[in-house]
Amino acid sequence: MRKNVYLGLWLIVAFSSRMVFAEDAQNEQQFQGFTLQGFTDEGDKSWDVKGETADINGTEVKLSNVDANSYGEEEVNVTANNGTLDQANGNMLLENDVVITSERGTQLMTDSLEWDKEADMVSTDDDVFITDKQLLVTGTGMTAQPDLINDPEAKKIYLGERFTM
């Protein structure tokens, strides 16, 4: 189950580091019905991000109805009603019904999830629900360091104090 959560968190990191938009603060742009894709060196699709709108104002990109997928060893889907990408520092905030779902059905649900690119940390102060076929973990607050290598032992998740299993 931890591997699924790590993959979901990695997905957020991967998407926010690859999104490139106009950087001129004078230009306000809006895209309707956008799709972004990334590929491996071998040409296979490694990720995609779809959304209803992307409003670009300077270095801030506001996204609506975010639906992202990561392909590879295990497919992971991330959805959120809203997202904000700060192109200046690479940080991303997903808000309102954030759901990370692994191919095996493991889900992480929360109201918001913030990624600090420089610290390589994702966190939330909101309630967190992690469900699996045989497990339900609930609590408030979470911080995770999704290392970009495939070694599950290299990743860390810190759960808030009020977690129950």
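Student: What pattern does the chain follow, read along the sequence?
Tutor: This is a predicted model. The chain holds one helix and nine strands. Read along the sequence, the pattern is α-β-β-β-β-β-β-β-β-β.

Student: What percentage of the 165 residues counts as buried?
Tutor: Buried here means under 20% relative accessible area. The chain has 165 residues. The share that counts as buried is 42%.

Student: Which residues touch the most other members of the largest nonpolar core?
Tutor: This core has 26 residues. In soluble globular proteins, nonpolar side chains tend to be buried together. The residues with the most contacts to other members are Val 49, Val 61, Leu 63, Leu 94, Ile 100, Leu 108 and Leu 113.

Student: Which residue in the turn between β3 and β4 has a positive phi of about 150°?
Tutor: β3 and β4 form a hairpin. Five residues lie between the two strands. The turn residue with that phi is Gly 72.

Student: What is the bridge partner of Asn 77 in β5?
Tutor: β4 pairs with β5 in the antiparallel sense. Eight bridges make up this pairing. In β5, the partner of Asn 77 is Thr 101.

Student: What is the phi of Gly 90 in the turn between β4 and β5?
Tutor: β4 and β5 form a hairpin with five residues between them. Gly 90 sits in that turn. Its phi is positive, at about 80°.

Student: What distance separates the C-alpha atoms of Thr 59 and Asn 89?
Tutor: Thr 59 and Asn 89 are 30 residues apart along the chain. Their C-alpha atoms are separated by 9.0 Å.

Student: Among contacts between residues at least 6 apart in sequence, what percentage joins residues at least 24 apart?
Tutor: Contact here means heavy atoms within 4.5 Å. Among the contacts between residues at least 6 apart, the share joining residues at least 24 apart is 41%.

Notes. Residues are numbered from 1 along each chain as its sequence is written. This is a predicted model: local features need pLDDT of at least 70, side-chain atom pairs count only at pLDDT 80 or more; totals for chains, interfaces and linings use all residues. Side-chain values use heavy atoms; hydrogens and water are left out. A nonpolar core is a set of buried Ala, Val, Leu, Ile, Met, Phe, Trp, Tyr and Cys residues joined through side-chain atoms within 4.5 Å. Buried means under 20% relative accessible area, exposed over 50%, partly exposed in between (1.4 Å probe, protein chains only). Two strands pair if DSSP finds at least two bridges between them. Helices (H or I, at least four residues) and strands (E, at least two) are DSSP runs, numbered from the N terminus.
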